Amino acid sequence: MPELAEVETIRRDVAALYAGRAITGVEVHGVRSVRRHAVPGEFISRVAGRRLVAARRRGKYLLLDLDGGDTVVAHLGMSGQLLTADPGQPLARHTHVRLAFDTGPDLRFVDPRTFGQMWVTRPEQGAIPELSHLGFDPLEDPDAADLVAALTRRPTRLKPLLMDQSRVAGIGNMYADEILFAARLRPDRPAASLSATETRRLYRAMVSVLTDAVAHRGSSLADEQYRDLYGRVGEYQKKHKVYARGGQPCPRCRAEITRVRTGGRSSFYCTSCQT
DNA sequence: ACAAATACCTGTAAGC
DNA sequence: TGCTTACAGGTATTTG
């Protein structure tokens, strides 16, 4: 699933391939993908004719800055893909938005489950108004003090805390499990109960897991739903220690990895060495 | 006031 | 074989 590491992988490739190019054509084939706009024409008219000047990221959101001061925000939801494609290539199934450029390939937004979306907005001092609720970004803006603040702001359990985008931006179900394993902490551990040592362990685990995941171009699960800009799968799933590995031996202590379901979501962890 | 559950989606796979 | 059901999960909303 596209979380921070996957979006960052896409961001780098988008910046390398499209920065400086002018968007000459915008097609919206799935109105749900631009649902923030009252009409798709609003999105189209504000994007068409603009030049893409930079690609940024905040949490799981990809920000495409345009000349003239607007920014296209893209969120991939759980099945969204941003793919580069030759302009002559037929549109793949579930292609909802197509951006054509003055030269070179299209940038296409494909999203079967339609949880993802794109919209255009006007940043204020670089910040996206719709994203003002997001907490700190563990790679863009790493700060141990911010994690401490998130832990003490309101008591909660560790896993929901890591996935709460208003506290830490960019972590989803998959990386929350991997981070908590690396930190040797249980997902249901009350945040307020952490010692200073454990807090430091959690912070280091968060940064190192996400950094490693970006270095391996993100994770593609069994359904290979996540693809990078060029349609390739990631490599980091090979390094997962617990996620989707229920019943297998813990790579650290050989105990059986447990799967717990809450609210239709699965958590994987080792009851033996995660405390 | 908070946590947990549910709605929104569709492709895939498992079960009968 | 063909149908139904479960599952994946980010975010917004509703329920307990």
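This is a short tour of a predicted model, one selection at a time.

**Stop 1: helix H1.** Select residues 4-18, which form helix H1. Check its length. At 1.5 Å a residue, its 15 residues should span 21 Å. The end C-alpha atoms are 20 Å apart, so the two values agree. Now colour the buried residues of H1: Leu4, Ala5, Glu6, Val7, Glu8, Thr9, Ile10, Arg11, Val14 and Tyr18. Keep one rule in mind as you look along the helix. An α-helix has 3.6 residues a turn, so residues three or four places apart point the same way. Step just past H1 to Gly20, where phi is positive, about 95°.

**Stop 2: DNA strand C.** Show the 16 residues around DNA strand C. Which of them come nearest? Select Met1, Phe115, Gly172, Asn173 and Ser266. Next, highlight helix H5 (173-182) and strand S10 (265-270), the elements that each give two or more residues to this surface.

**Stop 3: two arginines.** Go to Arg184, in the loop between H5 and helix H6 (196-215). Arg184 is not a glycine, yet its phi is positive, about 60°. Then move to Arg217, in the loop between H6 and strand S9 (257-262). Arg217 also has a positive phi of about 60°.

Arg184 has 17 inside 10 Å, so it counts as partly exposed. Arg217 has 21 other C-beta atoms within 10 Å, so it is buried. The cut-off for buried is 20 or more.

Notes. Residues are numbered from 1 along each chain as its sequence is written. Chains are lettered from A and ligands numbered from 1 in the order in which they are written. This is a predicted model: local features need pLDDT of at least 70, side-chain atom pairs count only at pLDDT 80 or more; totals for chains, interfaces and linings use all residues. A residue is near a molecule or strand if its C-beta atom, placed from the backbone, lies within 6 Å of it. Helices (H or I, at least four residues) and strands (E, at least two) are DSSP runs, numbered from the N terminus. A residue is buried if 20 or more other C-beta atoms lie within 10 Å of its own, exposed if 12 or fewer, and partly exposed in between; C-beta atoms are placed from the backbone. The expected span of a helix is 1.5 Å times one less than its number of residues.
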